[in-house]
Amino acid sequence: MLELIIFAGLAAIVLYQLYAVLGRRVGRQPEDAPAVPATASPLERAADAPAQADDGVSLTGLAAVKAKDPGFDIGRFLGGAKSAYEMIVKAFAAGDRAQLRSLLAPPVMAGFDTAIAARESENRTETVEFLHAPRADLEKAEVVGADLARVTVRFLAEFRSRTKGPEGEGVEDRRTAELWTFERHLKSRDPNWLLIHVDAAEA
């Protein structure tokens, strides 16, 4: 009996993890907690310091990002964010940890890895096919500290998930509305942005 209780608890955790990563409903519900915790590094605790223009005027939002990185183009960024979104969703479904590590901050990667390991332990596989190109819209942009840029993107997507397990195969169409926050040090030579947070969003 004790083993059954433990197994039921683990199953509930796995199902929550999978929903947290990809979502199964559109819109945030009152009982929903943040899907993936934000980073707990000192960067998360750093006080926000608005960027300064040459004339000393404090800048916020997208203007602050462009002040620190004049080459930043929001259109190009959103195009790259859509590509990253599709890559991450497909890599998670395929259990491709190597690709995920290059795109996710460590705390987010830990959550994804836990869900993948749970699926593997149940001898399940999954593939994802996007029914339409996801929609990406700028939700928020900010500069934290001296040069840490964070940009939050609202994604709306529809995709078909095909799963295979001991009980057979299944197909499910999903619609998601989520907020993904990407982070990058603007003075870094590495041009890549890392996903640091995922949360549910209103459609």
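## An exposed loop residue

Asn123 is exposed, at a relative accessible area of 59%; exposed denotes over 50%, buried under 20% and partly exposed the range in between, with a 1.4 Å probe and protein chains only. The residue belongs to the loop between helix 6 (106-121) and strand 3 (125-130). Helices (H or I, at least four residues) and strands (E, at least two) are DSSP runs, numbered from the N terminus. The phi angle of Asn123 is near 60°, a positive value in a residue other than glycine.

## Basis of the description

This is a predicted model, in which local features need pLDDT of at least 70 and side-chain atom pairs count only at pLDDT 80 or more, whereas totals for chains, interfaces and linings use all residues. Residues are numbered from 1 along each chain as its sequence is written, and side-chain values use heavy atoms, leaving out hydrogens and water.

## Nonpolar core

The largest nonpolar core comprises 38 residues, and those with the most contacts inside it are Phe77, Leu104, Val153, Trp180 and Phe182. Such a core is a set of buried Ala, Val, Leu, Ile, Met, Phe, Trp, Tyr and Cys residues joined through side-chain atoms within 4.5 Å. Two or more residues come from each of helix 3 (61-68), helix 4, helix 6, strand 3, strand 4 (135-144), strand 5, strand 6 and strand 7. Helix 4 supplies the largest share of this core, 10 residues.

Beyond residues up to four places away in sequence, Trp180 touches Tyr85, Ile88, Val89, Val151, Thr152, Val153, Phe155, Leu195, His197 and Val198; contact means heavy atoms within 4.5 Å.

## Aromatic residues

Rings of Phe, Tyr and Trp (its six-membered ring) are paired if their centres lie within 6.5 Å; planes under 30 degrees apart are stacked, over 60 edge-to-face and the rest tilted. By this rule there are 11 aromatic pairs. Tyr85 and Phe155 form a stacked pair, 4.4 Å centre to centre with 20° between the planes. This pair links distant parts of the chain, since Tyr85 lies in helix 4 (residues 74-94) and Phe155 in strand 5 (residues 148-165), 70 residues apart. Tyr85 is buried at 1% relative accessible area, and Phe155 is buried at 0%.

One aromatic cluster is formed by Phe72, Phe77, Tyr85, Phe130, Phe155, Phe159, Trp180, Phe182 and Trp193. Elsewhere, Arg119 lies over the face of Phe92, at 4.9 Å from the ring centre; the criterion is NZ of Lys or CZ of Arg within 6 Å of the ring centre and within 35 degrees of the ring normal.

## Strand pairing

Strand 6 (residues 168-185) pairs with strand 7 in the antiparallel sense over six bridges, where pairing requires that DSSP finds at least two bridges between the strands. Leu179 has Asp199 in strand 7 as its bridge partner. Six of the seven residues of strand 7 (residues 194-200) are buried, so this strand is largely enclosed by the rest of the structure.

Thr152 is located in strand 5 and is buried at 12% relative accessibility. Its side chain makes a polar contact with the side chain of Thr181 (2.9 Å). A polar contact is a pair of N or O atoms within 3.5 Å; within protein, one must be able to donate a hydrogen and the other to accept it, and residues adjacent in sequence count only if both atoms are side-chain atoms.

Ser161 also lies in strand 5 and is buried at 1% relative accessibility. The side chain of Ser161 makes a polar contact with that of Arg174 (3.5 Å). Ser161 and Glu126 are 35 residues apart in sequence and 6.8 Å apart in space, C-alpha to C-alpha.
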